[in-house]
Every structure is written in structure tokens, then in C-alpha cells.
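Please look over the sequence and the model shown here, keeping an eye on the charged side chains.

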Amino acid sequence: MRSIWNGAISFGLVSIPVKLMNATENHSVSFRQVHLTDGGRIRYRKVCEVDEEEVTSAETGKAYEDADGTLIPITDEDLASLPLPTNKTIEILGFVPATRIDPLQMDTAYYLSANGVPAAKPYTLLREALRRSEKVAVAKFALRGRERLGMLRVAEDVIVMHGLLWPDELRSPEDVVPDAATKVRDAELDLADALMDTLGGVDLDTLHDDYREAVEELVAAKAAGEPLEPAHEEDTGGKVIDLVAALEKSVRAAKESRGDGKGDGEGGGDGPDGKVADVHPIGRTTRRTPTGKNVSRSAAPDSGRSQPKETGAKKSTAGGTAQKPAAKKAPAKKTSAKKTAEGKAGTKATAKKAPAKKAPAKKASSAKKTAAGKSASGRRTSRSSA
């Protein structure tokens, strides 16, 4: 990599010669402006407004435009004469936890390389000190004619410096905050958490720019005389949606994309074929047998279908399904017949014992006969007296 700046890191009284190199590169596809009539390339030329003549880079200088439009010329010598201690030095100001740095301040990243063999030892010392402290160094440096703020950290075995925006360059977000009256329910938060858990992590090394690849394919097809058909994307912007329904749909889609095959529907989950499977409780249920006894049994979930209710089995259904319960009631009839026979036998026994209770009736007959005898004898006596 080509260095863009040479200087030194000022670490207290220790000076570490380093070279600065860009840690990133831009892979965006760039275009040129052309004349639509004949396809000729359009170029920009520097033209002076006073004499309307084109000027070269050697004839171009700097100037500051005042509020009233006045141009104040500034030369390179004027800038070089300014007291700028960080002109060739990365001055470390202090060390703070990485969490103290707002990611909004992050700017361009640079690699710092030890410049020469003598710089290897102090460079390694600073790198290991940063690694062990788990902190980052805040520094000032000057690049391209201006002083900047930087953050030094360790990435693998290299010291990396991130350019930082000055704190006063960050805009306040107070105008962007949503309405304070907007509330979020716990159920919605639970669905959002479920979606986050389902999506899981991401391997950053596998990410790439799909749009750039599509542009490159378009350019290659155009060059070959075979234009590609533009992709039609579904427009989902500007629509009012049900937040809960959207979250539930997102969770299901994320699970299907990961081959999970499980959903979050109430009472069941999405099967591998996309259908909703039934869930049956596992416990102990009580059913009544044809003989009238209560039998406790374990209710296990059937595979792919729900257990029918007891009342459903008594109803008339297709085929011989409804006749099976009637066949099971035969023992009940035998039992009833047995009870009936026992009842008849008991009745006969009662009937045989009935004559034993007629003894009082005989006494009554004797009493009647005695009364009749007395009456007859009375009559005879009265006749004899006469």
C-alpha cells in the first residue's frame, strides 16, 4: 500500500516514526457524463470569470470568500507559517474506553505502519499497551491542510487510526425524535425480540454489494449488445401496516429462510410443509366405560390429528365407525338380563313365603265360628224359656 503521510506518533516523550495508509477503498462504479446527441464525453475546464480564458492548475490558487462575496487570497506559504504542532505529528491526548467514542464521529480509517527498524520496538510497545488496557487513544493530527481528531485502536497486530469529527460538527437529533406520545406494548416488544433471536447474527465477511454487481452485469450486457431486463421490485413504501401482523410474518419468514420449520402460532407451529400442526396436551383424562365405571387413562397426542371427544364417538358417522360403540354395549345387556333374572327369583321366593302370613286369618275364622255358636245357643235358650 502507498503511504499518504509520513510523521511520528507522540506518546509522551516517546516518538514513534510511522507511515499513514488508507485502510479502505471505494469499489463503487463510477460514470462519466456524455453528450446524448453524439455520445461525446463532457469535460470540465477551469475558466476565469474576468477574462473568460481557460487556466491551468499551475495558475490556480486559494482564496477565502467573505460573507459579502469578497475573495481573500491565501497562499500555501501563509498556511505553512501557522503554528500547527500536529503538522507532522500524531499527538496522543489521552486514553478512554472505546464506548466513550460516539460512532457518529467515525470518519475515514487509516493503517499506521512502523517507519523503519528503530520504530518497531516503540510501535509494538504502544500496540500491546492499548491491547492490554482495552482502551483507545484520542489524538490530534494534521492532514491535507487541516487539523483533525483521531482515535487509535488495535486491529489484529496493527494500530488503526480513525479520523473523528469534532464534537461541534455533530448535529442535534432533537428534531428527528418521534412523537413522545407514541407507546409500544410489551407484546410488540416480545415479537421484536423473537424476530431478533430468529435472525441471529451475521457473518460480515460474507456481505457484498448486490447493487454494484447488478450494475457491472448491466454494463457487460450493454457492451455485448444484450440489454438486461430491469428487475421489478415490490413497492412497500408509504403503506399503513399492522405492526403485530408484520412482526409475526417476519418471524415466520425468517424461520423458513433458515430452514427452521417452526412457527410461533398459538396452539401449534408451522410444519416443514408450511401447514399448521395440531398440539395436544399430555395429561390424564377420565372416560366412562359401557359398564358405567370411570377409567383413568393417559392422553397422548396422536400423530397429525386431534383426539375425538367422547360425545363425538356416540354420534352417527360414516361407515362402521358409529356401530362399534353399540357392539361394546352387549355386556351391559347381559348384566341387565342377569339382574332381571335375579329380581324374578327374588319375587318367587317372596311369593312362597306368603302363606306363612295367613295365620291371623285362621284365627279370625275361629272367632267368627265362636261368635256364631254363641248366637245359636242364645237363640236355643230363649226358645226353651218360652
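The paragraphs below go through the salt bridges and then a charged surface patch.

This is a predicted model, in which local features need pLDDT of at least 70 and side-chain atom pairs count only at pLDDT 80 or more, while totals for chains, interfaces and linings use all residues. Residues are numbered from 1 along each chain as its sequence is written, and side-chain values use heavy atoms, with hydrogens and water left out.

The structure holds 8 salt bridges (a side-chain nitrogen of Lys or Arg within 4 Å of a carboxyl oxygen of Asp or Glu). In one of them Arg131 meets Asp157 at 3.4 Å, N to O; because Arg131 belongs to helix α2 (residues 120-133) and Asp157 to the loop between β8 (146-155) and β9 (158-164), the pair ties together parts that are 26 residues apart in sequence. Helices (H or I, at least four residues) and strands (E, at least two) are DSSP runs, numbered from the N terminus.

Within helix α4 (residues 210-223), Arg212 and Glu216 lie 4 residues apart, about one turn of the helix, and their salt bridge brings the closest N and O atoms to 3.1 Å. Arg212 is partly exposed at 21% relative accessibility, as is Glu216 at 38% (buried means under 20% relative accessible area, exposed over 50%, partly exposed in between, with a 1.4 Å probe and protein chains only). Salt bridges that share partners also join Arg127, Glu128, Arg131 and Asp157 into one network.

Asp186, Asp190, Asp193 and Asp197 form a negative surface patch, for which residues need over 30% relative accessible area and no salt bridge, like charges being joined within 9 Å and nonpolar side chains (Val, Leu, Ile, Met, Phe, Trp, Tyr) within 5 Å. Asp197 sits in helix α3 (residues 186-199) and is exposed, with a relative accessible area of 63%.

Key. Accessible areas come from the Shrake-Rupley method with a 1.4 Å probe; for residues, only the protein chains shown count as cover. Lys and Arg count as positive and Asp and Glu as negative; His and the chain ends are not counted. The place of a charge is taken as NZ of Lys, CZ of Arg, CG of Asp or CD of Glu.
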